[in-house]
Amino acid sequence: MNRIDFITATLPARKRIALVAHDHCKARLLEWAQRQKDRLAQHELVATGTTGLMLGEHLNLPVECMISGPLGGDQQIGARIAERRIDMLVFFWDPFEPQPHDPDVKALLRVAAVWNIPLAANESSADYLLSSPLLDQAHPLQVPDYDNYLLARQTKKDP
């Protein structure tokens with residue numbers, strides 16, 4: 001496999017924030033989101049199915065809903081991260097309960113790390129992210145240079 005180099009990209013000032021919560025963490029996410037409503041309202045919100053419906057009703061803010069996490073919503077969020085259509089992930093996951101879709105959860109966390117987006121895995125880290133002065137600014141970050149990776153791979157195949 002070719003080594004992947006990195007290039008500088010820019011997160012926009014208005015972030016596309018994905019919000020995900022396991023069943024036992026949904027109430028905590030709703031409480032947190034209510035406290036952070038003014039900050040969240042300045043950005044685009046995307047969430048997995050049930051979490052998104054609950055957030056939209058609770059906050060009275062627009063939330064784009066994917067399908068339920070166990071049915072593929074985690075993978076939908078992951079795909080958007082890889083397409084650079086999600087800029088930040090807030091994922092209140094339950095470390096005490098095994099999840100039937102645990103491989104999807106690990107894949108989501110992995111793709112967030114690969115694409116170097118801000119990731120909060122609990123309430124404290126989510127508070128830190130939303131209180132950062134970088135939240136409302138365009139911000140440079142390093143991402144995989146996938147175009148050059150593909151080019152190098154194709155060049156290797158050509159005689």
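Good morning, colleagues. About 60 Å³ of space lies in the largest cavity of the structure before you, which is a predicted model. Counting those of 30 Å³ or more, the structure holds one cavity.

Which residues line the largest cavity? They are Leu-11, Arg-16, Ile-81, Arg-84, Ile-86, Asp-87, Trp-115, Ile-117, Leu-141 and Val-143. Sorted by class, this lining has seven nonpolar residues and three charged ones, with no polar residue.

I turn next to the strands. Strand 2, residues 16–21, runs parallel to strand 3, residues 44–47, and four bridges join the two. In this pairing, Ala-18 stands opposite Val-46 of strand 3. Strand 3 is also joined to strand 4, residues 64–65, by two bridges, and these two strands again run parallel. Here Val-46 has Glu-64 of strand 4 opposite. How does the chain cross from strand 3 to strand 4, and what is the handedness of the crossover? The path leads through helix 3, residues 49–59, and the β-α-β crossover is right-handed.

In soluble globular proteins, nonpolar side chains tend to be buried together. In this model, the largest nonpolar core has 22 residues, of which Leu-19, Leu-29, Trp-32, Leu-40, Leu-55, Val-90 and Phe-92 touch the most other members. Two or more residues each come from strand 2, helix 1 (26–35), strand 3, helix 3, strand 5 (88–92) and helix 6 (123–131). Helix 1 supplies the largest share of this core, with four residues. Thank you for your attention.

Note on methods: Residues are numbered from 1 along each chain as its sequence is written. This is a predicted model: local features need pLDDT of at least 70, side-chain atom pairs count only at pLDDT 80 or more; totals for chains, interfaces and linings use all residues. Side-chain values use heavy atoms; hydrogens and water are left out. On a 1 Å grid over the protein atoms alone, a cavity is a set of points where a 1.4 Å probe fits but cannot get out, and a pocket is an open set with protein on both sides within 12 Å along at least five of seven lines; lining residues have an atom within 4 Å of a point. Grid points are joined across faces, edges and corners, and a volume is the space filled by probe spheres set on the points. Ala, Val, Leu, Ile, Met, Phe, Trp, Tyr, Cys and Pro count as nonpolar, Asp, Glu, Lys and Arg as charged, and the others, Gly among them, as polar. Two strands pair if DSSP finds at least two bridges between them. A crossover is right-handed if, with the strands pointing away from the viewer, the path from the first strand over the helix to the second runs clockwise. A nonpolar core is a set of buried Ala, Val, Leu, Ile, Met, Phe, Trp, Tyr and Cys residues joined through side-chain atoms within 4.5 Å. Buried means under 20% relative accessible area, exposed over 50%, partly exposed in between (1.4 Å probe, protein chains only).
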